[in-house]
Amino acid sequence: MRIKILIASLVLTGCSTTSMSNSPLDKRELARKHDITTAQSLSGVPWGHGAQDCSRDTQPIMDVFHYDVSTAIIRQNKCVTFEAPFSYVLVGSEKVMVVDTGALADENGFSYAEALLTVMGKSTFEQKETLVVHSHSHSDHHQGDAGFERLNNTRVIAPQMEQVQAFLETSDWPNGQFSLDLGGRLVTILPTPGHQEEAITIYDHKNKWLITGDTLYPGLVYVKDWQAYKTSIAKLTKFAQQNEVTAILGGHIEMTKSSGKYYPIGTTYQPNEAPLPLSVADLYELNTALQKSEKEQAMIFKSFVIQPMSMLQKSISNIFRWVTN
(Lines give C-alpha, C1' and ligand atoms only; values in the text may rest on other atoms or scores of the structure.)
Protein backbone atom coordinates (compact mmCIF):
# COMPACT_ATOMS: atom_id res chain seq x y z
CA MET A 1 0.00 0.00 0.00
CA ARG A 2 2.76 2.46 0.96
CA ILE A 3 4.68 1.60 -2.22
CA LYS A 4 1.63 2.25 -4.37
CA ILE A 5 0.97 5.58 -2.69
CA LEU A 6 4.62 6.51 -3.16
CA ILE A 7 4.41 5.72 -6.88
CA ALA A 8 1.24 7.80 -7.12
CA SER A 9 2.97 10.66 -5.34
CA LEU A 10 5.95 10.49 -7.67
CA VAL A 11 3.93 10.27 -10.86
CA LEU A 12 1.60 12.90 -9.48
CA THR A 13 -1.19 12.17 -11.85
CA GLY A 14 -3.69 11.98 -9.06
CA CYS A 15 -4.85 8.80 -10.77
CA SER A 16 -2.24 6.19 -11.44
CA THR A 17 -2.52 3.28 -9.02
CA THR A 18 -5.05 1.18 -7.19
CA SER A 19 -5.31 0.33 -3.51
CA MET A 20 -7.17 -2.80 -2.45
CA SER A 21 -9.02 -3.51 0.77
CA ASN A 22 -8.54 -6.77 2.64
CA SER A 23 -12.08 -7.85 1.79
CA PRO A 24 -12.32 -10.02 -1.37
CA LEU A 25 -14.36 -8.35 -4.07
CA ASP A 26 -16.50 -11.45 -4.52
CA LYS A 27 -17.64 -11.20 -0.90
CA ARG A 28 -19.04 -7.71 -1.37
CA GLU A 29 -22.41 -6.60 -2.57
CA LEU A 30 -22.05 -5.50 -6.17
CA ALA A 31 -23.80 -2.15 -6.22
CA ARG A 32 -25.79 0.41 -4.35
CA LYS A 33 -28.24 2.29 -6.52
CA HIS A 34 -29.35 5.90 -6.14
CA ASP A 35 -32.13 7.51 -8.08
CA ILE A 36 -33.73 10.91 -8.39
CA THR A 37 -35.84 10.25 -5.29
CA THR A 38 -32.73 9.98 -3.12
CA ALA A 39 -30.82 12.84 -4.78
CA GLN A 40 -32.77 15.71 -6.27
CA SER A 41 -29.71 16.97 -8.12
CA LEU A 42 -26.22 15.82 -9.02
CA SER A 43 -24.86 17.96 -6.19
CA GLY A 44 -27.02 16.06 -3.73
CA VAL A 45 -25.98 12.52 -4.61
CA PRO A 46 -24.78 10.87 -1.34
CA TRP A 47 -21.78 9.03 -2.78
CA GLY A 48 -20.06 6.45 -0.66
CA HIS A 49 -16.96 8.11 0.77
CA GLY A 50 -14.94 5.21 2.16
CA ALA A 51 -14.39 4.09 5.74
CA GLN A 52 -12.07 4.82 8.65
CA ASP A 53 -11.14 1.13 8.77
CA CYS A 54 -11.30 -0.36 5.28
CA SER A 55 -10.65 -3.87 6.60
CA ARG A 56 -14.15 -3.68 8.08
CA ASP A 57 -15.81 -1.87 5.20
CA THR A 58 -18.83 -3.64 3.75
CA GLN A 59 -20.01 -1.03 1.26
CA PRO A 60 -20.70 -2.26 -2.30
CA ILE A 61 -18.04 -2.20 -4.99
CA MET A 62 -20.02 0.26 -7.12
CA ASP A 63 -22.12 3.29 -6.29
CA VAL A 64 -24.63 3.74 -9.11
CA PHE A 65 -26.72 6.84 -9.79
CA HIS A 66 -29.32 6.52 -12.52
CA TYR A 67 -29.79 10.11 -13.55
CA ASP A 68 -32.49 8.99 -15.96
CA VAL A 69 -33.40 5.81 -17.81
CA SER A 70 -30.59 6.31 -20.34
CA THR A 71 -27.83 7.83 -18.19
CA ALA A 72 -25.84 6.44 -15.28
CA ILE A 73 -22.90 7.68 -13.22
CA ILE A 74 -20.89 5.04 -11.37
CA ARG A 75 -18.25 5.43 -8.68
CA GLN A 76 -15.98 2.67 -7.40
CA ASN A 77 -15.60 2.13 -3.66
CA LYS A 78 -12.77 4.10 -2.04
CA CYS A 79 -11.87 1.17 0.19
CA VAL A 80 -11.44 -1.04 -2.87
CA THR A 81 -9.50 1.62 -4.78
CA PHE A 82 -8.59 4.90 -3.15
CA GLU A 83 -8.88 6.59 -6.55
CA ALA A 84 -12.66 5.92 -6.50
CA PRO A 85 -12.93 6.89 -10.18
CA PHE A 86 -16.19 7.77 -11.87
CA SER A 87 -17.54 6.15 -15.02
CA TYR A 88 -20.35 7.46 -17.23
CA VAL A 89 -22.83 5.49 -19.31
CA LEU A 90 -24.71 7.30 -22.09
CA VAL A 91 -27.37 5.25 -23.86
CA GLY A 92 -28.73 6.04 -27.30
CA SER A 93 -31.13 4.05 -29.46
CA GLU A 94 -28.26 2.59 -31.53
CA LYS A 95 -25.11 2.85 -29.40
CA VAL A 96 -24.09 2.87 -25.75
CA MET A 97 -21.07 4.97 -24.80
CA VAL A 98 -19.13 3.96 -21.70
CA VAL A 99 -16.71 6.66 -20.58
CA ASP A 100 -13.89 5.08 -18.52
CA THR A 101 -13.90 1.59 -17.01
CA GLY A 102 -12.37 2.27 -13.62
CA ALA A 103 -9.42 1.10 -11.59
CA LEU A 104 -10.38 -2.54 -11.01
CA ALA A 105 -9.05 -5.24 -13.29
CA ASP A 106 -11.03 -8.44 -13.88
CA GLU A 107 -10.02 -10.40 -10.78
CA ASN A 108 -11.30 -11.64 -7.43
CA GLY A 109 -14.60 -12.51 -9.03
CA PHE A 110 -15.29 -9.00 -10.32
CA SER A 111 -15.61 -7.80 -13.91
CA TYR A 112 -16.63 -4.22 -14.54
CA ALA A 113 -18.21 -5.16 -17.88
CA GLU A 114 -20.34 -7.91 -16.34
CA ALA A 115 -21.20 -5.67 -13.39
CA LEU A 116 -22.37 -2.96 -15.77
CA LEU A 117 -24.62 -5.40 -17.60
CA THR A 118 -26.13 -6.31 -14.25
CA VAL A 119 -26.75 -2.80 -12.89
CA MET A 120 -27.89 -1.32 -16.21
CA GLY A 121 -29.80 -4.40 -17.37
CA LYS A 122 -28.67 -6.54 -20.30
CA SER A 123 -31.56 -5.21 -22.37
CA THR A 124 -29.85 -1.80 -22.34
CA PHE A 125 -27.06 -3.24 -24.50
CA GLU A 126 -29.01 -5.68 -26.65
CA GLN A 127 -29.04 -4.88 -30.37
CA LYS A 128 -26.79 -1.87 -29.77
CA GLU A 129 -23.10 -1.29 -30.34
CA THR A 130 -21.18 -0.50 -27.17
CA LEU A 131 -18.36 2.05 -27.48
CA VAL A 132 -15.82 2.19 -24.67
CA VAL A 133 -13.83 5.43 -24.61
CA HIS A 134 -11.50 6.95 -22.05
CA SER A 135 -11.08 10.43 -20.68
CA HIS A 136 -7.30 9.81 -20.71
CA SER A 137 -4.79 7.00 -20.44
CA HIS A 138 -4.03 6.80 -16.70
CA SER A 139 -4.56 3.27 -15.50
CA ASP A 140 -7.35 3.92 -13.01
CA HIS A 141 -9.60 4.83 -15.94
CA HIS A 142 -9.15 1.74 -18.12
CA GLN A 143 -8.46 -1.27 -15.90
CA GLY A 144 -11.91 -2.67 -16.62
CA ASP A 145 -11.41 -2.80 -20.40
CA ALA A 146 -10.65 -6.52 -20.63
CA GLY A 147 -14.19 -7.59 -19.83
CA PHE A 148 -15.60 -5.38 -22.58
CA GLU A 149 -13.18 -6.78 -25.12
CA ARG A 150 -14.86 -10.18 -24.63
CA LEU A 151 -18.37 -8.87 -25.32
CA ASN A 152 -20.05 -9.04 -28.70
CA ASN A 153 -20.77 -5.89 -30.70
CA THR A 154 -18.40 -3.87 -28.52
CA ARG A 155 -15.59 -1.58 -29.60
CA VAL A 156 -12.96 -0.61 -27.06
CA ILE A 157 -10.89 2.41 -28.06
CA ALA A 158 -7.64 2.04 -26.15
CA PRO A 159 -6.43 5.32 -24.63
CA GLN A 160 -3.45 5.47 -26.97
CA MET A 161 -2.83 8.28 -29.42
CA GLU A 162 -2.97 6.10 -32.53
CA GLN A 163 -6.29 4.50 -31.56
CA VAL A 164 -7.88 7.74 -30.37
CA GLN A 165 -6.99 9.53 -33.61
CA ALA A 166 -8.24 6.59 -35.68
CA PHE A 167 -11.53 6.59 -33.78
CA LEU A 168 -11.97 10.32 -34.35
CA GLU A 169 -10.70 9.97 -37.92
CA THR A 170 -8.21 12.80 -37.54
CA SER A 171 -4.48 13.35 -37.75
CA ASP A 172 -4.82 16.97 -36.70
CA TRP A 173 -4.59 16.35 -32.96
CA PRO A 174 -5.55 18.17 -30.76
CA ASN A 175 -7.48 20.53 -33.03
CA GLY A 176 -11.16 20.40 -33.84
CA GLN A 177 -14.17 18.76 -32.27
CA PHE A 178 -15.97 15.62 -33.34
CA SER A 179 -19.66 14.70 -33.25
CA LEU A 180 -21.05 11.22 -32.79
CA ASP A 181 -24.71 10.20 -32.90
CA LEU A 182 -25.56 7.38 -30.48
CA GLY A 183 -29.04 7.20 -31.95
CA GLY A 184 -31.21 10.14 -30.95
CA ARG A 185 -28.41 11.26 -28.63
CA LEU A 186 -25.57 13.43 -29.88
CA VAL A 187 -22.21 13.68 -28.18
CA THR A 188 -19.30 15.96 -29.05
CA ILE A 189 -15.73 14.90 -28.34
CA LEU A 190 -13.09 17.58 -27.78
CA PRO A 191 -9.36 16.79 -27.50
CA THR A 192 -8.17 18.43 -24.27
CA PRO A 193 -4.55 17.45 -23.54
CA GLY A 194 -2.59 19.00 -20.72
CA HIS A 195 -3.21 16.74 -17.75
CA GLN A 196 -2.28 13.90 -20.09
CA GLU A 197 -1.54 13.66 -23.81
CA GLU A 198 -4.58 11.64 -24.97
CA ALA A 199 -7.11 13.46 -22.77
CA ILE A 200 -10.55 14.16 -24.20
CA THR A 201 -13.70 15.86 -22.96
CA ILE A 202 -17.16 14.64 -23.93
CA TYR A 203 -20.21 16.86 -24.20
CA ASP A 204 -23.54 15.10 -23.82
CA HIS A 205 -26.07 17.20 -25.73
CA LYS A 206 -28.99 15.43 -24.03
CA ASN A 207 -28.12 16.39 -20.46
CA LYS A 208 -25.81 19.23 -21.45
CA TRP A 209 -22.92 17.85 -19.42
CA LEU A 210 -19.19 18.32 -19.99
CA ILE A 211 -17.51 15.08 -18.91
CA THR A 212 -13.93 16.17 -18.31
CA GLY A 213 -12.17 13.20 -16.72
CA ASP A 214 -9.11 14.53 -14.89
CA THR A 215 -8.78 17.68 -16.97
CA LEU A 216 -11.04 19.39 -14.45
CA TYR A 217 -12.63 17.86 -11.36
CA PRO A 218 -13.06 18.71 -7.67
CA GLY A 219 -9.56 17.76 -6.60
CA LEU A 220 -5.84 18.28 -7.08
CA VAL A 221 -5.41 18.48 -10.86
CA TYR A 222 -1.84 17.81 -12.00
CA VAL A 223 -0.80 19.45 -15.25
CA LYS A 224 1.90 17.81 -17.34
CA ASP A 225 1.91 20.23 -20.30
CA TRP A 226 1.07 23.73 -19.08
CA GLN A 227 0.63 25.37 -22.47
CA ALA A 228 -1.49 22.53 -23.78
CA TYR A 229 -3.63 22.75 -20.64
CA LYS A 230 -4.12 26.50 -21.08
CA THR A 231 -5.21 25.90 -24.67
CA SER A 232 -7.57 23.09 -23.68
CA ILE A 233 -9.25 25.12 -20.93
CA ALA A 234 -9.63 28.03 -23.36
CA LYS A 235 -11.22 25.61 -25.85
CA LEU A 236 -13.68 24.34 -23.22
CA THR A 237 -14.49 27.90 -22.21
CA LYS A 238 -15.28 28.87 -25.78
CA PHE A 239 -17.37 25.73 -26.19
CA ALA A 240 -19.33 26.50 -23.01
CA GLN A 241 -19.99 30.02 -24.25
CA GLN A 242 -21.54 28.56 -27.40
CA ASN A 243 -23.36 25.60 -25.82
CA GLU A 244 -25.43 25.33 -22.67
CA VAL A 245 -23.56 23.44 -19.94
CA THR A 246 -25.53 22.39 -16.87
CA ALA A 247 -22.66 20.55 -15.13
CA ILE A 248 -18.98 19.79 -15.44
CA LEU A 249 -18.38 16.22 -14.31
CA GLY A 250 -14.89 14.89 -13.72
CA GLY A 251 -13.18 11.64 -12.85
CA HIS A 252 -12.84 11.90 -9.07
CA ILE A 253 -13.81 13.75 -5.93
CA GLU A 254 -10.79 14.76 -3.85
CA MET A 255 -11.85 18.12 -2.42
CA THR A 256 -13.33 18.71 1.00
CA LYS A 257 -16.26 21.07 1.49
CA SER A 258 -13.79 23.63 2.84
CA SER A 259 -12.61 26.08 0.20
CA GLY A 260 -9.31 25.11 -1.41
CA LYS A 261 -8.75 22.05 0.83
CA TYR A 262 -8.25 18.58 -0.62
CA TYR A 263 -7.66 15.08 0.73
CA PRO A 264 -4.12 13.68 0.30
CA ILE A 265 -3.34 10.98 -2.27
CA GLY A 266 -4.23 7.59 -0.84
CA THR A 267 -7.11 8.80 1.34
CA THR A 268 -9.75 6.10 1.79
CA TYR A 269 -12.15 8.04 4.03
CA GLN A 270 -13.66 11.34 2.91
CA PRO A 271 -16.58 12.14 5.22
CA ASN A 272 -16.62 15.82 4.29
CA GLU A 273 -16.08 15.59 0.55
CA ALA A 274 -17.27 18.17 -1.96
CA PRO A 275 -20.02 17.48 -4.52
CA LEU A 276 -19.05 16.00 -7.89
CA PRO A 277 -20.33 18.72 -10.26
CA LEU A 278 -18.38 21.85 -11.05
CA SER A 279 -20.02 24.83 -12.73
CA VAL A 280 -19.37 26.88 -15.84
CA ALA A 281 -18.40 29.71 -13.50
CA ASP A 282 -15.60 27.48 -12.16
CA LEU A 283 -14.38 26.88 -15.71
CA TYR A 284 -14.46 30.57 -16.56
CA GLU A 285 -12.57 31.46 -13.39
CA LEU A 286 -9.89 28.90 -14.18
CA ASN A 287 -9.54 30.08 -17.77
CA THR A 288 -9.16 33.71 -16.71
CA ALA A 289 -6.42 32.82 -14.24
CA LEU A 290 -4.59 30.61 -16.73
CA GLN A 291 -4.64 33.17 -19.51
CA LYS A 292 -3.25 35.80 -17.13
CA SER A 293 -0.45 33.51 -15.92
CA GLU A 294 2.95 34.02 -17.51
CA LYS A 295 4.52 30.92 -15.99
CA GLU A 296 3.62 27.55 -14.54
CA GLN A 297 2.36 27.94 -11.01
CA ALA A 298 0.09 26.32 -8.46
CA MET A 299 -3.40 27.81 -8.44
CA ILE A 300 -5.81 27.32 -5.57
CA PHE A 301 -9.52 27.74 -6.19
CA LYS A 302 -12.51 27.05 -4.00
CA SER A 303 -13.44 23.78 -5.70
CA PHE A 304 -10.13 22.52 -7.14
CA VAL A 305 -6.37 23.06 -7.12
CA ILE A 306 -4.16 23.20 -10.22
CA GLN A 307 -0.58 21.95 -9.81
CA PRO A 308 2.11 21.79 -12.54
CA MET A 309 4.29 18.68 -12.54
CA SER A 310 8.00 18.92 -11.83
CA MET A 311 10.53 17.67 -14.36
CA LEU A 312 11.02 14.48 -12.33
CA GLN A 313 7.29 13.85 -12.24
CA LYS A 314 7.02 14.43 -15.99
CA SER A 315 9.88 12.01 -16.60
CA ILE A 316 8.25 9.28 -14.52
CA SER A 317 4.94 9.92 -16.26
CA ASN A 318 6.66 9.58 -19.66
CA ILE A 319 8.14 6.25 -18.63
CA PHE A 320 4.74 4.94 -17.57
CA ARG A 321 3.21 6.18 -20.82
CA TRP A 322 5.95 4.58 -22.91
CA VAL A 323 5.51 1.23 -21.14
CA THR A 324 1.72 1.20 -21.49
CA ASN A 325 1.85 2.23 -25.16
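**A loop and its surroundings**

A: Pro174 sits in the loop between helix 4 and strand 8; helices (H or I, at least four residues) and strands (E, at least two) are DSSP runs, numbered from the N terminus. The model is a predicted one, in which local features need pLDDT of at least 70 and side-chain atom pairs count only at pLDDT 80 or more, while totals for chains, interfaces and linings use all residues. Residues are numbered from 1 along each chain as its sequence is written, and side-chain values use heavy atoms, with hydrogens and water left out.

The peptide bond that joins Trp173 to Pro174 is cis, with omega at about 5°. Glu169 is also found in the loop between helix 4 and strand 8. Its phi is near 55°, a positive value in a residue other than glycine. Glu169 counts as exposed because its relative accessible area is 73% (exposed is over 50%, buried under 20%, partly exposed in between; 1.4 Å probe, protein chains only).

Asp100 shows a positive phi as well, about 75°, although this residue is not a glycine. Asp100 is placed in the loop between strand 5 (95-99) and helix 2 (112-120). Its relative accessibility is 2%, so Asp100 counts as buried, whereas Glu169 is exposed.

Helix 4 (residues 161-168) leads on to a cavity: with three residues, this helix gives the most to the lining of the second largest cavity. A cavity here is a set of points on a 1 Å grid over the protein atoms alone where a 1.4 Å probe fits but cannot get out, and lining residues have an atom within 4 Å of a point. The volume of the second largest cavity is about 60 Å³, a volume being the space filled by probe spheres set on the points, which are joined across faces, edges and corners. Its lining consists of Val133, His134, Ile157, Val164, Phe167, Leu168, Ile189 and Ile200. By class, these residues divide into seven nonpolar, one polar and no charged (nonpolar: Ala, Val, Leu, Ile, Met, Phe, Trp, Tyr, Cys and Pro; charged: Asp, Glu, Lys and Arg; polar: the others, Gly among them).

Over the whole structure, the search finds two cavities of 30 Å³ or more. The lining of the largest cavity holds three nonpolar, six polar and five charged residues.

Salt bridges come next; each is a side-chain nitrogen of Lys or Arg within 4 Å of a carboxyl oxygen of Asp or Glu. The structure has 12 of them. One of these joins the side chains of Asp57 and Arg28, at 2.9 Å from N to O. This pair links distant parts of the chain, 29 residues apart: Asp57 is in the loop between strand 1 (31-34) and strand 2, and Arg28 is in the loop between helix 1 (2-11) and strand 1. Asp57 and Arg28 are both buried.

A further salt bridge, between Arg185 and Asp204, has an N to O distance of 2.8 Å. Arg185 lies in the loop between strand 8 (178-181) and strand 9 (186-191) and Asp204 in strand 10 (residues 200-204), so the pair ties together parts that are 19 residues apart in sequence. Arg185 counts as buried because its relative accessibility is 2%. Asp204 is buried too, its relative accessible area being 0%.

Asp53 and Arg56 also form a salt bridge, with 3.5 Å between the closest N and O atoms. Asp53 has 35% relative accessibility and therefore counts as partly exposed, while Arg56, at 69%, counts as exposed. Beyond such pairs, a network of salt bridges links Glu197, Glu198, Lys224 and Arg321.

Gln313 counts as buried because its relative accessibility is 15%.

Key: On a 1 Å grid over the protein atoms alone, a cavity is a set of points where a 1.4 Å probe fits but cannot get out, and a pocket is an open set with protein on both sides within 12 Å along at least five of seven lines; lining residues have an atom within 4 Å of a point.
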